[in-house]
Amino acid sequence: MKIVVTGGAGFIGSHVCGELLRRGVPEVVAFDDLSTGTAANLDGTGADLRTGTILDRDALAAACAGAGSVIHLAALPSVPRSLADPIASHEANATGTLNVLDAARTTGAYVVVASSSSVYGTQPGFPRTEDMAAYPVSPYAVSKLAAESYAAAYARSFAAPTLAVRLFNVFGPRQRADSPYAAVIPRFIQAALTGQPLQVHGDGLQTRDFTFVASVADVLCEAAIRKITHDRPVNLAFGTRTSLVTVIDLLAQALARPLDVVHLDPRPGDVRDSQAGTDLFRRLFPAARPHDLLNALTDTVAWHRQQAVAASMPG
Ligand SMILES: NC(=O)c1ccc[n+]([C@@H]2O[C@H](COP(=O)([O-])OP(=O)(O)OC[C@H]3O[C@@H](n4cnc5c(N)ncnc54)[C@H](O)[C@@H]3O)[C@@H](O)[C@H]2O)c1
């Protein structure tokens with residue numbers, strides 16, 4: 001079977017492409033406009049990179065021709081990015097998802113769509129279970145709510161085989177630190193490796209359900225190969241709640257030295273705690289396994305170190 005990974009040159013997408021090929025999928029096409037992803041992320045994976053935007057329906061249709069499944073990850077991620085340019089986020093994340101679902105509808109391909117825990121917003125109540133009402137507080141969250149709603153509506157309206165998964169804070173090798181919108185773990189690691197203090201917004205006791213990228217890639221591959229469907233979005237995380245202070249302690253262990261921390265004002269609109277309810281996820285993906293957080297952070301630090309060495313080499 002041919003599988004298309006939109007956003008395949010990105011952080012999560014490149015791990016997914018590698019895992020699909022490791023599992024013996026004969027043809028893996030990464031369809032990506034390289035806006036935040038890089039061709040280098042696919043080095044050594046064997047995936048076929050087609051450069052194009054999901055906003056170009058002809059290019060998308062050409063990439064999806066003959067595909068049995070599509071893993072849809074292309075998006076402009078990040079809440080702050082959507083505050084800076086809400087329309088660009090809407091176009092890539094909402095309109096782009098509609099284009100992907102429609103391209104797949106015409107060929108009968110299965111689609112798994114990446115949504116986000118941000119759809120739960122700042123409402124109280126833990127853990128976040130799928131039966132909670134959505135309460136998006138940013139344009140990014142709205143665009144993801146639209147994306148997952150389109151996936152469900154295509155299933156209900158056209159009997160299209162779809163699944164929407166809500167990812168929680170994913171981290172691991174190839175997650176960019178060199179962007180103003182970088183996520184917290186790559187920012188911390190980059191600061192630690194360059195001798196800067198780690199900047200923590202607020203007291204550092206805010207918690208997240210950190211998910212290692214290899215676990216996410218495993219689940220997405222499983223979904224696409226077995227064409228797992230569900231008529232509602234499903235959390236994809238293991239129900240852990242780890243504070244930033246704990247992450248910093250573990251990074252200090254991974255680096256075998258203490259780390260300087262500076263506390264800044266809390267970020268407006270930041271969610272205090274985030275943790276997935278996992279009953280539905282466990283039912284649909286009983287074989288999914290979390291990775292040990294310290295080992296996963298150690299692997300991530302090793303990748304950042306390698307990047308720094310490669311960047312310092314002449315030529
Ligand atoms: N990383 C997380 O913690 C997290 C959490 C929740 C949801 N997600 C979702 O997972 C998906 C992957 O995120 P990521 O963290 O790997 O980010 P990423 O930025 O590395 O990946 C997104 C990829 O999509 C590509 N892209 C963007 N706009 C495109 C367009 N118009 N056409 C084609 N390609 C386009 C980018 O070049 C990039 O390669 C996104 O949909 C994101 O919203 C990620």
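Two strands are taken as paired if DSSP finds at least two bridges between them. The model described here is predicted. Within it, the bridge partner of His72 in strand E5 is Val113. On E4, His72 also stands opposite Thr6.

These contacts belong to an open sheet of 7 strands. The strand order is E3-E2-E1-E4-E5-E6-E11, and the pairing is parallel. Strand E3 (48-51) and strand E11 (234-236) stand at the edges. Each has a single partner strand, so one side of each is left without a neighbour in the sheet. From one strand to the next, the twist averages 25 degrees. In general, strands of a sheet pair through backbone hydrogen bonds, either parallel or antiparallel.

Strand E4 (residues 67-72) pairs with E1 and with E5. Strand E1 (residues 2-6) runs parallel to E4 and is joined to it by 5 bridges. The pairing of E4 with E5 is also parallel. Here 4 bridges are found. E4 is mostly covered, with 5 of its 6 residues buried.

The peptide bond from Phe126 to Pro127 is cis. Its omega is near -10 degrees. Pro127 lies in the loop between E5 and H5.

Helix H5 spans residues 139-158 and contains Ala153. Is Ala153 buried, exposed or partly exposed? Ala153 has 14 C-beta neighbours inside 10 Å. A residue is buried with 20 or more such neighbours and exposed with 12 or fewer. Ala153 therefore counts as partly exposed. Along the chain, Ala153 and Arg232 are 79 residues apart. Their C-alpha atoms are separated by 9.7 Å.

Ala159 has a positive phi of about 55 degrees, although it is not a glycine. Ala159 is placed in the loop between H5 and strand E6 (162-167). With 11 other C-beta atoms within 10 Å, Ala159 is exposed. For Ala256, phi is likewise positive, at about 55 degrees, and this residue is not a glycine either. The loop that holds Ala256 runs between H8 and strand E13 (261-264). Ala256 is exposed, with 6 other C-beta atoms within 10 Å.

Helix H8 (residues 244-255) packs against helix H10 (residues 293-312). The angle between H8 and H10 is about 60 degrees, and their axes are 9 Å apart. The two helices are therefore oblique to each other. H8 passes H10 in a right-handed crossing.

How values were computed:
Residues numbered from 1 in each chain as written. Predicted model: local features only at pLDDT ≥ 70, side-chain atom pairs only at ≥ 80, totals over all residues. Axes fitted to C-alpha atoms, helices over the stretch in contact; angles between N-to-C directions. Parallel < 35°, antiparallel > 145°, perpendicular 65-115°, else oblique. Left-handed = near helix turned anticlockwise from the far one by under 90°.
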